[in-house]
Amino acid sequence: MTIAPGTLETLHRIHRQLTDVTSRIAAGPRQIKAAEQAVVKAEQDLVAAKDAYKKTRMASDEKQLQLKQREAKLRDLQGKLNASESNREYQLLKDQIAADQKANSVLTDEILESLELLDQRQADIKTAEGNLVKMKEELVRVKQRVENLRPMLDGELTRVRGDLAVTEQNLPPEFKTDYDRVVKAKGEDALGAVEGDSCGQCSRVLTPQMLNELNLRKPVFCKACGSLLYIPSDD
Ligand SMILES: [Zn+2]
């Protein structure tokens, strides 16, 4: 049983093309999924940004309310101070007013900070909204691209499978079962070019007898990795 010259090398090339086109077909749904996940992530970011805004807003409102109450209390103390009749009471109220004014000043600073933070949160929402729009547009683009490529890739797949079927007819019929088995197990790595005196797939050094059989165009499998070996035409 001998194999026609060039047959295994051609089969190896076709199997690599087959791997390439099938992986490009499989990449389409993966790219769509990634783009869909990016949209979901952008939606979550927007929800989080709105939530952060709401929390900051509530904290700020709370502080402003607190300040109003404290200012009312301060006015009350001021009234008491004006009406005080003893020095002791006057001094106590004065100290109290000074302490409250200091506390209110701190609170006012905190309110100003919270208002700045609120502006930042508002900007974060705008950014997240813009990003969501972008991700949705990107998803449309990816889907369109995958859809546009698909007929070309399907055509390519049909062509490569056709080439494969035609070339496989050059194999001796009694060898077909062994060939099918190794292709099923290893895909494009089912075939291995001999490099020097080694298997091109796993680098195992071939025996003189194997090289001899290869030169006689007999089917030879690598004893280490099981690839169907061939001597490439440029050697
Ligand atoms: Zn090998």
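Arg217 is placed in the loop between helix H4 and strand E3 (220-221), where helices (H or I, at least four residues) and strands (E, at least two) are DSSP runs numbered from the N terminus. Although Arg217 is a residue other than glycine, its phi is positive, near 60°. Arg217 is partly exposed, with 16 other C-beta atoms within 10 Å; under the criterion applied, a residue is buried if 20 or more other C-beta atoms lie within 10 Å of its own, exposed if 12 or fewer, and partly exposed in between, the C-beta atoms being placed from the backbone. The model is a predicted one, in which local features need pLDDT of at least 70 and side-chain atom pairs count only at pLDDT 80 or more, whereas totals for chains, interfaces and linings use all residues. Residues are numbered from 1 along each chain as its sequence is written.

A positive phi, of about 70°, also occurs at Ser203, which is not a glycine. Ser203 belongs to the loop between strand E2 (198-199) and helix H4 (208-215). With 13 other C-beta atoms within 10 Å, Ser203 is classed as partly exposed.

At the level of the whole chain, the division is into domain 1 (8-170) and domain 2 (172-235), with bounds that come from an automatic or database domain assignment. The centres of domain 1 and domain 2, taken over C-alpha atoms, are separated by 56 Å. To the contact between them, domain 1 contributes 8 residues and domain 2 contributes 9 residues, two residues being in contact if their C-beta atoms, placed from the backbone, lie within 7 Å. On the side of domain 1 that touches domain 2, the residues comprise 3 nonpolar, 3 polar and 2 charged; here Ala, Val, Leu, Ile, Met, Phe, Trp, Tyr, Cys and Pro count as nonpolar, Asp, Glu, Lys and Arg as charged, and the others, Gly among them, as polar.

Helix packing is considered next. Two packed helices are described by the angle between their axes and the distance between the axes. For helix H1 (residues 7-83) and helix H2 (residues 87-168), the angle is about 165° and the axes are 5 Å apart, the axes being lines fitted to C-alpha atoms, for helices over the stretch in contact, with angles that run from 0 to 180 degrees between N-to-C directions. H1 and H2 are therefore roughly antiparallel to each other, since angles under 35 degrees count as roughly parallel, over 145 as roughly antiparallel, 65 to 115 as roughly perpendicular and the rest as oblique. The crossing in which H1 passes H2 is left-handed, a term used if the near helix is turned anticlockwise from the far one by less than a right angle, with right-handed used if clockwise. Sorted by class, the residues in the contact of H1 with H2 are 39 nonpolar, 19 polar and 24 charged.

Ala42 is located in helix H1 and counts as buried, with 21 C-beta neighbours inside 10 Å. Apart from neighbours within four places in sequence, Ala42 is in contact with Asn131, Leu132 and Met135. Between Ala42 and Ile25, which are 17 residues apart in sequence, the C-alpha to C-alpha distance is 27 Å. Thr56, likewise part of helix H1, is partly exposed, with 18 other C-beta atoms within 10 Å. When residues up to four places away in sequence are not counted, Thr56 touches Ser114, Leu117, Leu118 and Arg121. The C-alpha atoms of Thr56 and Glu174 are 78 Å apart, with a separation of 118 residues along the chain.

In helix H2, Leu157 counts as partly exposed, with 16 C-beta neighbours inside 10 Å. Leu157 touches Val21, Thr22 and Ile25, residues up to four places away in sequence again being left out. Although Leu157 and Asp20 are 137 residues apart along the chain, their C-alpha atoms are separated by 9.5 Å. Arg161, also found in helix H2, is partly exposed, with 15 other C-beta atoms within 10 Å. Arg161 and Gln17 are 144 residues apart in sequence, and their C-alpha to C-alpha distance is 9.5 Å.
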